[in-house]
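The following exercises ask the reader to work through a structure step by step. Please study the sequence and the model shown here before turning to the solutions.

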Amino acid sequence: MAPTHCCKVDRVRAEHGITPPARFDGGLDSYLVARWTGEGETDPVGLRTLSEWFNKQVLKTVYRDHGRSESSVRLDSDYEALRGNDIPEHKLAELHSELADDGIDGEALTGQFIGKSTLSRHLKDCLDATKDTPASETEWEIDRVRVATNTYRTHLESALQSLGNKDRISDVEAAELQVQSYLSCPECPTRVTVEQAYEQGYVCADHRDD
């Protein structure tokens, strides 16, 4: 008789043998609840941070099983590509081709990833976990980053339109403008957007100050 799982999170965990970090004394569910609620000596983290951590563990396990490099830089870049985050289609196709060469079905792998809503249901419905959010908690800093980015984009678009009208940049109106602010790890090539660093609480998992 096939085992019964409470939800996708439990099924994927069992399929890939996902476990918490060795320093954590407990099972995966206990770890997810502790990270989300901030139990013990950990600061609470958001659902996006937790779901990305879970998904990268899936990716890491699959890569290890197929003899593919599982460095943090490779995992971060491939994960962003597989999630389709600002990645051109031809780049994603190249990654899928590389994965196929290593015996990995990229689409099937992506289907194993969980989203914030899936993790939320697992925590709240399957594990009966709750999290208190202070009413006074604000996020003005990240809002300011977004406003600054949008303002910068507006100025750039205006300048580029003018350059196009003057024929200084051919076909500039058809080009895709990408505006992002990045933070780079001082110890390795890891680079993430400010918003990604905000969501996960660090720039580089390997060189974070715990």
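## Exercise 1: An aromatic cluster

Y31 and W53 are both buried, where buried means under 20% relative accessible area, exposed over 50%, and partly exposed in between (1.4 Å probe, protein chains only). The model is predicted: local features need pLDDT of at least 70, side-chain atom pairs count only at pLDDT 80 or more, and totals for chains, interfaces and linings use all residues. Residues are numbered from 1 along each chain as its sequence is written, and side-chain values use heavy atoms, with hydrogens and water left out.

Task: determine which residues form one aromatic cluster, and describe its pairs.

Solution. 

Step 1. A search of the whole structure finds three aromatic pairs. Rings of Phe, Tyr and Trp (its six-membered ring) pair if their centres lie within 6.5 Å; planes under 30 degrees apart count as stacked, over 60 as edge-to-face and the rest as tilted.

Step 2. One of these pairs joins F24 and Y31 in an edge-to-face arrangement, at 5.2 Å centre to centre and 75 degrees between the planes. F24 is partly exposed, with a relative accessible area of 26%, whereas Y31 is buried, at 5%.

Step 3. Y31 also pairs with W53; this pair is tilted, with 5.0 Å centre to centre and 50 degrees between the planes. Y31 belongs to helix α2 and W53 to helix α3, so their pairing ties together parts that are 22 residues apart in sequence. Helices (H or I, at least four residues) and strands (E, at least two) are DSSP runs, numbered from the N terminus.

Step 4. The cluster therefore consists of F24, Y31 and W53.

## Exercise 2: The setting of helix α4

Task: decide whether α4 is largely enclosed or open, and name the helices against which its buried residues pack.

Solution. 

Step 1. Helix α4 covers residues 72-82, and eight of its 11 residues are buried, so the rest of the structure largely encloses it.

Step 2. These buried residues are S72, L75, D76, D78, Y79, E80, A81 and L82.

Step 3. They pack against α3 (47-65), α5 (89-101), α6 (106-111) and α9 (194-200).

Step 4. After α4 comes G84, which has a positive phi, near 75 degrees.

## Exercise 3: T61

Task: state where T61 lies and what its side chain reaches.

Solution. 

Step 1. T61 is part of helix α3 and is buried, with a relative accessible area of 14%.

Step 2. The T61 side chain reaches the backbone oxygen of Q57 at 2.8 Å.

Step 3. Beyond its neighbours within four places in sequence, T61 is in contact with H16 and I18.

How values were computed
Contact means heavy atoms within 4.5 Å. A polar contact is a pair of N or O atoms within 3.5 Å; within protein, one must be able to donate a hydrogen and the other to accept it, and residues adjacent in sequence count only if both atoms are side-chain atoms.
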